[in-house]
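Have the viewer open as you read.

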Amino acid sequence: MPNIEQFSCLLVEDDVGFTGLSAKIVSEEGGRPVICHTLEAARAQITQKSFDLVLLDNRLPDGTGYEFYPQVARQSPGSVVVMITGAPELSQAIEMTRNGLFDYLTKPMDANALLALLRRAKLRLQRPSLEPDAHGLLGNSPKIKEVVVQLQQAARHANATVLLLGETGTGKDLAARLLHQLSFGPRAATAPYVALNCPNVPADMFEAELFGSEKGAYTGADRRRGGLVEAAQSGTLFLDEVAEIPLSLQSKLLRFLESREYRSLGAANSAQFHGRVVAATNRSLADEVRAGRFREDLRYRLDVFAINLPPLRDHLADLEIIAEALLNQLCEKYQRRGLTIKPQDLDVLRRHTFPGNVRELRNVLERSLLRTEVTARELSIDLDWLKGRREEALSLPALETQPLSAPVDRELSALEQQEYELIAKTLASEKGGIRRAAAKLGLTHQALLRRLQKWPELRQAANSPE
């Protein structure tokens, strides 16, 4: 995190008079301005180092600030960027704030306006930086770096609903916590972070769980109960697996997201929610809308700022970093000495498709750790289990004669089709054992049961009920 009393500032401006005034105010506020009068000079600077603050004029001799902004966002994602623009370009500046621009100033501009903006920017600079060891989204691949940049951009817009998309096990909950950290900075430790796993709440209790209830609101309501929205006030409300909210209840969530107002069951008055809302799903909401399981208006309300979490198979270059970090966590959990992973075992792991993503990798490492001698210095990877998982993914004799597909009256997204096939294969390999299949899939028993309720034909594989 930069020292806000001494911050670096890239000032890109060709007006000599304005440059002198701006540099003076920046210096008085503790900044160290580097002045560039052309985009060429600014590009050379941003290539060499990152800046805490960038003051960027839009009209420059060799181009526009709008053209330069994407490079700043890419090469210095932690920078607070302010665009200096004329009145005719104001609409473009407003549009850019939706893409991560901190703020804009219009010309002619007085010193007080710049001073006020600098002080707000300094408050933003108090938020934690994202060094590789400062957050859980480990990796140096372009895909992970892009996710981090998008989370930083989303953090600048506290009122925007953020939608996290990705397969099961890709770290959507981790990304939500990181977004909370970025959004609230030094207050993140004390600002509430409240998570709701939507399908775990019975339909008849969903509204009360989310919004709370007054005494006497329903049978058994012997006292007032605050809901999760109230608990998340001035913090983050995380709605996990939001696509699994029953259709009949989605209108209640839509009204809340549109107005940020909520009313507990039995209450006469509404209350206002001041905080961030983050939702996550492993499904395509567009496909859910087409299948009639999700409201289109709710989809658009949720999909304001969407961030895709890549599956592990798409950034296997990060596997070694992720595996080592997970193994260190597991060694600490089980009070074991630090272990290393043999290079040849890392090669085996890289050849695995990991349909369960990082969650499956953690499962492999944990079961391997528990089978490794306590005196060992290297982890003994459970290669037989990995081989079995790979064979399951390739084919199962019991299902070879009948291709795995959804019933003809149901349309599945690509992600759902993959999940459907994996559940069917795993149930078959476990001879219908639901609990064993759930453990192998990295799901809870209840989570697998919910999927079997959605796809009842898969129960045909469950020929030994538990």
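Count ring pairs among Phe, Tyr and Trp (its six-membered ring), taking centres within 6.5 Å as a pair, and you get four aromatic pairs. One of them is Phe211 with Tyr262: the planes sit at 20° and the centres are 6.3 Å apart, so this pair is stacked (planes under 30 degrees apart are stacked, over 60 edge-to-face, and the rest tilted). The two partners come from distant parts of the chain, 51 residues apart, with Phe211 in helix α8 (residues 206–211) and Tyr262 in strand β13 (residues 261–262). Helices here are DSSP runs of H or I with at least four residues, strands are E runs of at least two, and both are numbered from the N terminus. Phe211 and Tyr262 are both buried, where buried means under 20% relative accessible area, exposed over 50% and partly exposed in between, using a 1.4 Å probe and protein chains only. Zoom out a bit and ring pairs tie Phe211, Phe256, Tyr262 and Phe273 into a cluster.

A word on ground rules: this is a predicted model, so local features need pLDDT of at least 70 and side-chain atom pairs pLDDT 80 or more, while totals for chains, interfaces and linings use all residues. Residues are numbered from 1 along each chain as its sequence is written, and side-chain values use heavy atoms, leaving out hydrogens and water.

Now for the sheet. Five strands run in the order β9-β12-β15-β8-β16, forming an open sheet with parallel pairing; two strands pair if DSSP finds at least two bridges between them. At the edges are β9 (193–197) and β16 (305–308), each pairing on one side only. From one strand to the next, the twist averages 20°. Inside the sheet, β12 (residues 236–240) and β15 (residues 276–281) pair in the parallel sense over four bridges, and Phe238 stands opposite Val278 in β15.

Helix α6 (residues 142–155) touches β8 (162–165), β15 and β16, and its direction makes about 160° with that of β16. Helix α7 (residues 172–184) touches β8, β9, β12 and β15, at about 165° to the direction of β15. These angles run from 0 to 180 degrees between N-to-C directions, with axes fitted to C-alpha atoms, for helices over the stretch in contact.

Last stop: Lys49, in the loop between α2 (39–48) and β3 (53–57). Its relative accessibility is 38%, so Lys49 counts as partly exposed. The charged end of Lys49 sits over the ring of Phe51, 4.8 Å from its centre; the rule asks for NZ of Lys or CZ of Arg within 6 Å of the ring centre and within 35 degrees of the ring normal.

Methods. Contact means heavy atoms within 4.5 Å.
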